Amino acid sequence: KDFEILFSESHGRYIITVKEKALNRILSKIKVPYSVIGHVGGDSLIIEDAPVTIPNVELKKAFHGVIEKFMA
């Protein structure tokens, strides 16, 4: 259920990754509500409130080639 809430496209939301030193500058420019929900460390995406840890390898697999896979 946590993954459905975090990654569902049923509501308008995005997960973005920025360098920590740029966080305040970037967040001050966007005009939408936001929450800092975790951090990327080493080889994983870690979402502390869920708690969720997803290896970067899995994130890359989920992002690259998914549409092509379904269209084949």
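I count a salt bridge when a side-chain nitrogen of Lys or Arg sits within 4 Å of a carboxyl oxygen of Asp or Glu. This is a predicted model: local features need pLDDT of at least 70, side-chain atom pairs count only at pLDDT 80 or more, and totals for chains, interfaces and linings use all residues. Residues are numbered from 1 along each chain as its sequence is written, and side-chain values use heavy atoms, without hydrogens and water.

Salt bridge. I found 1 in the structure. Lys 61 pairs with Glu 58 at 3.1 Å, N to O. Both sit in helix α3 (residues 56–63), 3 residues apart, about one turn of the helix. Helices (H or I, at least four residues) and strands (E, at least two) are DSSP runs, numbered from the N terminus.

Exposure. I call a residue buried under 20% relative accessible area, exposed over 50%, and partly exposed in between (1.4 Å probe, protein chains only). Glu 58 is partly exposed because its relative accessibility is 40%. Val 36 has 53%, so Val 36 counts as exposed.

I place Val 36 in the loop between α2 (23–29) and β1 (38–41).
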